[in-house]
Amino acid sequence: MNLESHSPIKSLGRRAFLKNGALILSGLTLSTLSRKATGAFDTNKRGTVRVGLVTDLHYADKPPAGSRHYRETLAKLKEATSEFQSDHPDFVVFQGDLIDSGESLEQEKIHLQTVVEAISAIPFPKYYVLGNHCVDQLKKEEFLQGVGQKESFYSFDQNGCHFVVLDSCFKSDGTPYGRKNFKWTDANIPAEELAWLQADLAKTSLPTIVFVHQPLDLKDTDAHAVKNSSAVRQVLENSGKVTAVFQGHSHHNKYSEIKGIHYCTMVAMVEGSGLKNNGYSILDVYEDGSLVLNGFRKQQDYHWS
């Protein structure tokens, strides 16, 4: 495939070819937006912050299982890297499950080393969200050391926006995931992290976007949900500062809005064989608060005014 250089917003026709259509939100879809200003909003302009997003790579050197094609992640990642090199995001967020389980701890370490080496071709800052598969046999500190990151939950500012990365890979008793000590259906954000989140949001005056692996917009009883997601949402809502939450884990495009906060579940890169089944995106955050998510391949587009 020829990945010619282009802006993700100025090449809507090409994106429509790459993807399976776009979801209509707020009466708009990127495939129908004019290349000129639509009212007061001009989608041609780069946002004040541009973010590359990828989730659920599940890289592993093992045969496919069902719809998951583990080895093909490297080729899909190479395509996403080319797009990011063209579109120049301020940073790229990997939203969990960077690797899949290995037959041994040493094999998982090799999986991590291999995918991190591939990611190093992206010449922009990288941030990592912990997913349950990231710490199947690895401990959190081993995964973090492998990706060159100090903490599993943290926040940072970029061009007038506040970004929060959460770690929901804890058991209901507060024990961190690692060394096969957990069930994937028991995902939680413990009291200590929740208190940190509340304090972090209280300190910032900036509009805030949250990244997490397991979804926060599902019922607490849902297998894929953070089990105390209602409590986490309460903290986000009470702050009055969170505009959107981006998440992965369930592998399929999904969107919901709860009390003015957009919850966007991203499509998994590992699902399906061939580049036609790839999925990644570019998010532009605009000064007026608008968000434009340009999805590639299987990832849907979104525009929130």
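Figure 1. H6 lies across E6, E7, E8 and E9, and its direction makes an angle of about 135 degrees with that of E9. The structure shown is a predicted model. Within H6, which spans residues 229-239, the buried residues are Ser229, Val232, Arg233, Val235, Leu236 and Ser239. Directly after H6, glycine 240 adopts a positive phi of about 70 degrees.

**Figure 2. The six-stranded open sheet.** The sheet contains 6 strands in the order E4-E5-E6-E7-E9-E8, is open, and has mixed pairing. Strand E4 (154-158) and E8 are at the edges with a single partner strand each, so one side of each has no neighbour in the sheet. From one strand to the next, the twist averages 20 degrees. Strand E5, comprising residues 161-165, pairs with E6 in the parallel sense over 4 bridges. Within this pair, valine 164 has valine 210 of E6 as its bridge partner. Helix H5 lies across E4, E5, E6 and E7 and runs at about 175 degrees to E5.

**Figure 3. Strand E9 and its two partners.** How many of the residues of strand E9 (residues 261-265) are buried? The count is 5 of the 5, so E9 is largely enclosed by the rest of the structure. Ile261, Tyr263 and Thr265 point one way from E9, whereas His262 and Cys264 point the other way, and all are buried. E7 pairs with E9 in the parallel sense over 4 bridges, and alanine 244 stands opposite histidine 262 in E9. Strand E8 (residues 254-258) pairs with E9 in the antiparallel sense over 5 bridges, with tyrosine 255 opposite cysteine 264 in E9. The hairpin of E8 and E9 has 2 residues between the strands, and lysine 259 in this hairpin takes a positive phi near 50 degrees.

**Figure 4. The surroundings of threonine 243.** Threonine 243 belongs to strand E7, which covers residues 242-247. Its relative accessibility is 25%, and threonine 243 therefore counts as partly exposed. Beyond its neighbours within four places in sequence, threonine 243 contacts Pro207, Thr208, Ile209, Gly260, Ile261, His262 and Leu291.

Figure 5. A disulfide is a covalent bond between the sulfur atoms of two cysteines. How many disulfides does a search of the whole structure find? The search finds 0 disulfides. Cysteine 169 has 0% relative accessibility and so counts as buried. Cysteine 264 likewise has a relative accessibility of 0% and counts as buried.

**Figure 6. Helix H4 and its cover.** Which residues of helix H4 (residues 140-147) are buried? They are Lys140, Phe143, Leu144 and Val147. Seen down the axis of H4, these residues fall within an arc of 95 degrees, so they line one face of the helix. Glu141 and Gln145, on the other side of H4, are exposed. Helix H3 (105-119) and strand E3 (126-128) are included in what covers the buried residues of H4. Glycine 148 follows H4 and has a positive phi, near 75 degrees.

**Figure 7. The close-up views in the context of the protein.** The secondary structure of the protein amounts to 6 helices and 12 strands. Of the 305 residues in the protein, 55% are buried. Among contacts with a separation of 6 or more, 68% are between residues 24 or more positions apart. The protein exposes about 12500 Å², of which carbon and sulfur atoms supply 51%.

Technical notes:
Residues are numbered from 1 along each chain as its sequence is written. This is a predicted model: local features need pLDDT of at least 70, side-chain atom pairs count only at pLDDT 80 or more; totals for chains, interfaces and linings use all residues. Side-chain values use heavy atoms; hydrogens and water are left out. Buried means under 20% relative accessible area, exposed over 50%, partly exposed in between (1.4 Å probe, protein chains only). Contact means heavy atoms within 4.5 Å. A disulfide is a pair of cysteine sulfur atoms within 2.5 Å. Two strands pair if DSSP finds at least two bridges between them. Accessible areas come from the Shrake-Rupley method with a 1.4 Å probe; for residues, only the protein chains shown count as cover. The arc is that of the directions from the helix axis to the C-beta atoms. Axes are lines fitted to C-alpha atoms, for helices over the stretch in contact, and angles run from 0 to 180 degrees between N-to-C directions.
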